Amino acid sequence: MKERTTELVEGLRHSVPYINAHHGKTFVILLTGAVLKSNNYSSIISDIGLLYSLGIKLVIVNGARNQIDESLKHHNIEPNYHKNTRVTDANTLDIVKQVTGLLQLNITASLSMCLNNTPLQGAHINVVSGNFVIAQPLGVDDGIDYCHTGKIRRINFEAIDEQLNRGSIVLLGPVGVSVTGESFNLSSEDVAAEVAIRLKADKLISFCAEQGVLDEQGKVITDLFPIDADNYVNQKEQHGKPLSSEARFLRAASKACRNGVRRSHLVSYLVDGAILQELFSRDGIGTQVAMQHSEQIRTATINDIGGILELIRPLEEQGILVKRSREQLEMEIDKFTIIQRDNMTIGCAALYPYPEEKMGEMACVAIHPQYRNSSRGDLLIEKIAESATNLGLEKIFVLTTRSIHWFREKGFNPAEVDDLPIKKKQLYNYQRNSKILMFNIK
């Protein structure tokens, strides 16, 4: 029981920075037809209710591709696609409107459930739908008339924003109306992306069957640049098969990120609480598309001193690192390289050059406990070696009492006090008796 309590407390503590960061922000969440059919749908709705309770402004866009295809099959109508886009004739449009209308009613009902002993108890969520999306015909392509398939002409984002500021969740479907009073079938991914762009949303979120985008080994790719997402979609299109919902979302996410949406996230609808794990933990659980990775390695600035101190203090107390005062760090901050993930310093190292001997000391090497079984240490060595090369240095040395084997594994070889630069040799602490290891850059 005590372990479970500690785990709960630690989880809450680690989530607080994200709760504060997300409060008052606007998220656009795409619920595809597959999500609406999944056994985990009710849990996802509950998680959306939790996001709402945390003060996040929410726009939900629902898809209906699976349900439309099922209804067409039931009515013996063959689905017709051209270039991965549905051709919507009059009969298909009638089915699209019936299916999407029913889905919107069901989603509204799910979000309205606030009975005792339910996850949404006491939430009292107001869900608003309307003619926020104005559409126009997609037209004719390669002689193929898309009929009632449309594209977005404009979005009344001021009206959506007004509803969000009133505390409502805005629910949008994949059908838009035109200025002539017609209805057009739209891509839910396009609607989600365009709404996110116009609202200047902080996040665009969707779901797929996998944990996210997988590499060739079946492992989740945690970060993608827009160009990576584009390449992924282009490879899928070359095979000539209909695009998966995952690929369609990545194309929309790439567009959204290039137009100001900070991050887009893709998580599994089969994993309970996946959206919460993605949004309220440092490492997440799925794939995010962003203009820059959530993790950066860079030269430290004066604003990073607090993070460095928090990282190295436990190691200083254990005698692993030599103690440094805040004042000393302030004077030497330009010598530090840090690894930062979501504004938290998870690794650091310093380079003290001795140009006369063409040598440099790699010091104050520290990795956050959660990331010690990763490649962050290798990244720091590479970055320090790169900096040393730029300074014209040929060797890097370290003085260590506890990490001898780790540095040996990284290519450092034992050395003697006499091998140190003259100034460092004069300062060598024989009482500490640190082992000296040397690395040849060239």
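Tutor: Let's start with exposure: a residue is buried under 20% relative accessible area, exposed over 50% and partly exposed in between, with a 1.4 Å probe and protein chains only. The model is predicted, so local features need pLDDT of at least 70 and side-chain atom pairs pLDDT 80 or more, while totals for chains, interfaces and linings use all residues. Residues are numbered from 1 along each chain as its sequence is written, and side-chain values use heavy atoms, leaving out hydrogens and water.

First, the setting. The chain has 442 residues, of which 46% count as buried, and its C-alpha trace spans about 90 × 55 × 35 Å along the principal axes. It holds 15 helices and 23 strands, taken as DSSP runs numbered from the N terminus (helices H or I, at least four residues; strands E, at least two).

Now to your pocket. Strand 20 gives the most, with seven residues. By type, the lining divides into 19 nonpolar, nine polar and eleven charged residues; here Ala, Val, Leu, Ile, Met, Phe, Trp, Tyr, Cys and Pro are nonpolar, Asp, Glu, Lys and Arg charged, and the others, Gly among them, polar.

The structure holds zero disulfides, a disulfide being two cysteine sulfur atoms within 2.5 Å. For Cys364, the nearest cysteine sulfur belongs to Cys348, 4.5 Å away. Cys364 is buried, at 4% relative accessible area.

The whole structure has five aromatic pairs: rings of Phe, Tyr and Trp (its six-membered ring) pair if their centres lie within 6.5 Å, with planes under 30 degrees apart counted as stacked, over 60 as edge-to-face and the rest as tilted. Tyr354 and Phe397 have ring centres 6.1 Å apart and planes at 35 degrees, so this pair is tilted. Because Tyr354 sits in strand 19 and Phe397 in strand 21, their contact ties together parts 43 residues apart in sequence. Both are buried, Tyr354 at 13% relative accessibility and Phe397 at 0%. Trp406 and Phe407 make an edge-to-face pair, 4.9 Å from centre to centre with 85 degrees between the planes. In that pair, Trp406 is partly exposed at 28%, whereas Phe407 is buried at 5%. Ring pairs also join Trp406 and Phe407 with Phe412 and Phe439 in a cluster.
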